[in-house]
Amino acid sequence: MYSIVELKGVKCGYRCGYCGNAGGKASYGMWSHTMTVQDYQDLIDRGWRRSGKYVYKPIMNKTCCPQYTIRCHALNFHPSKTHKKTLKKVNRFLSKGEMPVEKHDEGHEGEPMDSVHEEGVQPPPQDPLKIDHSEVQDISTSPDTDTTNSAAPTSPRDDAEKTTNVTPKPGKGADPNRPLCRKAKDLRKERRLQKEQQKQQEAVSSSVNPAPSKSASNQPKSLEGFITESLPSDPLHRLEVRLVPVSFEDPDFLASYEESAALYARYQMTVHGDAPYECGESQFKRFLCDSPLEAETAPDGPDVGYGSFHQQYWLDGTIVAVGVLDILPSCVSSVYLYYHPDFSSLSLGTYSALREIAFTRQLQQQSPKLSYYYLGFYVHSCPKMRYKGQYRPSDLLCPETYTWVPIERCIPRLDISAYSRLNENAQAGDARALKELSRVLVLHRRTVMPYAAYARKRKGSNDEKEVEQYASLVGQTCAERILLYRA
């Protein structure tokens, strides 16, 4: 199986959804007719990202708001205090129907993304997918779940919770029958001392009368534990999370398609202010249902297989949110999230991200190498996009060496400059840098051949610089596997 791409080239001088600069954005794009999950995994590990079938890579040293690929170590993830509050808030709603009165923080609605219908990038008129395998040149190349982001959209992830200011009722002063109020700091200090004393007593007791190991009880509560905490057997509201493959041949996907498309339109119009024609069924299909990824299964892969999926959140029989995901050999990659605006106060962006991390952990039990959760792009120069750095431990991708660097080491550099070579080793380079242009694979007249053979056939062809730029951006390994369509 081959991946097939068609170049769209550099796009400069268009509006940035992060800072609003009318002409500050720059990216390199290509149309992907079809793509294997391994090729896409290798591309996102070089800073690429997809919007429908359009695959693009920001030109980091030219764009006004550099976008760094970010991944979270799902297995080592521990929810922060804010994350725990969100999970408890959702569980209170499910168990008791308590809906928070505060509104969703609209400063954290999501990540602007290069969307095909907004950039004016149209699908190529020709279909190069038919390959005459008898004409392939002789070339040598490198070889249902319960667990579960603008002008241009991607995964909206709420990262802040607002508290409601309640005006205290007038009283009659302090109650003389109650103890005096104490500072919260003093209370915390006292609780810490009590815990230390309790530990010491337990240690003495266990040395005299050894008891079974309590290591498990001393472990902090897991993410999964917080997700299901405090939920009774008969909650007021029932939430079901369903994973459906993005395929018009799948009955579950088809059965929920119209409801899902209507939810997308409602979200876009309410949250992002889109006009109805900007978020109709055709835009929904092109952006969130058309995927170049070929569904695959592998002996050592997850039971659900690899490919593109919709993770649907059904509340009492109605879809209230949908997370669009790509399941790849090493990660779950978040593509987009849309939800019912009436439930924005539940911080569904944060909640769905936590569920997706838990889902990644579940898949890792079936496929050990699938251990990362990719959140898309981290944009340090845009304060409202920094929330993605709160899912830790996490790494950012160095834009020059394509190696991963812990985010704690990146932030001081990004505080100084929006664009930075994150790898501190000045001697390090791109391990998959282009070395042999002649070995780049092309698809010409339904025949697969190395670029050297294509260049001989097309004497006088002046596309060498274009092909070299493409190959340097995808790297030598991908350039020798992916077919570059040549008319």
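Is Gln-476 buried or exposed? In this predicted model, Gln-476 is buried, because its relative accessible area is 10% and buried means under 20%, exposed over 50% and partly exposed in between (1.4 Å probe, protein chains only).

View 1. Beyond its neighbours within four places in sequence, Gln-476 has contacts (heavy atoms within 4.5 Å) with residues including Arg-432, Leu-434, Glu-436 and Ala-471.

**View 2. The aromatic pair of Tyr-257 and Phe-284.** Rings of Phe, Tyr and Trp (its six-membered ring) pair if their centres lie within 6.5 Å, with planes under 30 degrees apart counted as stacked, over 60 as edge-to-face and the rest as tilted; by this rule there are 20 aromatic pairs. Tyr-257 and Phe-284 form a tilted pair, 5.6 Å centre to centre with 55° between the planes. Tyr-257 belongs to helix α7 (residues 251-271) and Phe-284 to helix α8 (residues 281-289), so the pair ties together parts 27 residues apart in sequence.

**View 3. Arg-71 over the ring of Tyr-372.** Arg-71 lies over the face of Tyr-372, 3.9 Å from the ring centre, where a charge sits over a ring if NZ of Lys or CZ of Arg is within 6 Å of the ring centre and within 35 degrees of the ring normal.

Residues are numbered from 1 along each chain as its sequence is written. Local features need pLDDT of at least 70, side-chain atom pairs count only at pLDDT 80 or more, totals for chains, interfaces and linings use all residues, and side-chain values use heavy atoms, with hydrogens and water left out.

Definitions and conventions. Helix = DSSP H or I, 4+ residues; strand = E, 2+ residues; numbered from the N terminus.
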